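Please take a moment to look through the sequence and the model before reading on.

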Amino acid sequence: MTDDTHPAAHPDFALSFDTVADQYASARPSYPPQLFDTVESAADLRLDGSRVVDVGAGTGIATALLRARGAHVIAVEPGPGMGARLRHSLPDVPLLRAIGDALPLADGSVDLVTYAQSWHWTDPSHSVPEALRVLRPGGALALWWNVPDPDVEWIAAQEARLQKRLPGYHRHGVSGDAPGMIASLGLTPAPEPVLHRLHWIRRIPVDLHLAHLGSRSYFAVMGPEKSAPVLADERAELLRLFPDGIVEDAYAVDLTVVRRP
């Protein structure tokens, strides 16, 4: 799952991804190796051999990368369409149809709980205690989001255009606010969340960038008829900026890591 929106306010957004599962799988960006290096360092563990639960796993983008690092991964995904796509691409990964607010796992049974682009769809007052419950002492909860890099001029301009044309666009963004949200829960003992920001670029064709935009919940909810004019205008602007048709897609990865005492 993805997009910085809270399901309590927008249940239609939370359910939108099943309609674009294949597009999501083919167009969504991956994650840079330094993300997983940072997770290992901040969590003080090696992914190789660790027991990891990837919650809101979607089509399995992060799940596959965690497994490639040697982790023993269980995927948790409530959406039937997204889950079917994950099972097709990762048939050997255990898949649980569940949500982060109520994990069907034993106390202290895993080393790491991850949320890639998905924690904002949970109720933090439930999902954080649930993650801490299933973690072993010293285990860690890691939340991360790929977000358009606000420090890159053309990205910032595109985001401003989309915000103007799409009401509520990223209005509920939480990627940089996650540490404060967790600290405000009043848990005992109090967790100490730490925020890291990484930067990376992928060079992709214009059509792939547009497919990525179209897989966001805002566009999925609008439907193709309403989203087509917006994407057409973005195509024209991108071809003006990148006349060779290759976009330098710039991302910041906001990562929050919380250790269980």
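Is Tyr-31 buried or exposed? In this predicted model, Tyr-31 has a relative accessibility of 9%, and because a residue under 20% counts as buried, Tyr-31 is buried. Trp-144 is buried as well, with a relative accessible area of 0%, and Phe-36 is another buried residue, at 2%.

A pair of aromatic rings is described by the distance of the centres and the angle of the planes. The structure holds 5 aromatic pairs, and one of them joins Tyr-31 to Trp-144: the ring centres are 5.9 Å apart and the planes stand at 80°, so this pair is edge-to-face. Tyr-31 lies in the loop between helix H2 (21-27) and helix H3 (33-43), whereas Trp-144 belongs to strand E5 (residues 135-148), so the pair ties together parts that are 113 residues apart in sequence. Phe-36 and Trp-144 form an aromatic pair too, with 5.8 Å from centre to centre and 85° between the planes, which is again edge-to-face. Here Phe-36 lies in helix H3 and Trp-144 in strand E5, so this pair ties together parts that are 108 residues apart in sequence.

Strand E5, which carries Trp-144, leads us on to the sheet. Strands of a sheet pair through backbone hydrogen bonds, either parallel or antiparallel. In this model 7 strands form an open sheet with mixed pairing, and their order is E3-E2-E1-E4-E5-E7-E6. The edge strands are strand E3 (95-96) and strand E6 (194-205), each of which pairs on one side only. Strand E2 (residues 72-76) pairs with E3 in the parallel sense over 2 bridges, and in this part of the sheet Val-76 stands opposite Leu-96 in E3.

The last stop is a space inside the protein. The structure holds 2 cavities of 30 Å³ or more, and the second largest cavity has a volume of about 40 Å³. Which elements each supply at least two residues of its lining? They are helix H7 (153-165), helix H9 (206-214) and strand E7 (246-259). Among the residues that line the second largest cavity are Pro-148, Ile-155, Gln-158, His-209, His-212, Asp-249 and Tyr-251. Sorted by class, the lining of this cavity has 4 nonpolar, 3 polar and 3 charged residues.

How values were computed: Residues are numbered from 1 along each chain as its sequence is written. This is a predicted model: local features need pLDDT of at least 70, side-chain atom pairs count only at pLDDT 80 or more; totals for chains, interfaces and linings use all residues. Side-chain values use heavy atoms; hydrogens and water are left out. On a 1 Å grid over the protein atoms alone, a cavity is a set of points where a 1.4 Å probe fits but cannot get out, and a pocket is an open set with protein on both sides within 12 Å along at least five of seven lines; lining residues have an atom within 4 Å of a point. Grid points are joined across faces, edges and corners, and a volume is the space filled by probe spheres set on the points. Helices (H or I, at least four residues) and strands (E, at least two) are DSSP runs, numbered from the N terminus. Ala, Val, Leu, Ile, Met, Phe, Trp, Tyr, Cys and Pro count as nonpolar, Asp, Glu, Lys and Arg as charged, and the others, Gly among them, as polar. Rings of Phe, Tyr and Trp (its six-membered ring) pair if their centres lie within 6.5 Å; planes under 30 degrees apart count as stacked, over 60 as edge-to-face and the rest as tilted. Buried means under 20% relative accessible area, exposed over 50%, partly exposed in between (1.4 Å probe, protein chains only). Two strands pair if DSSP finds at least two bridges between them.
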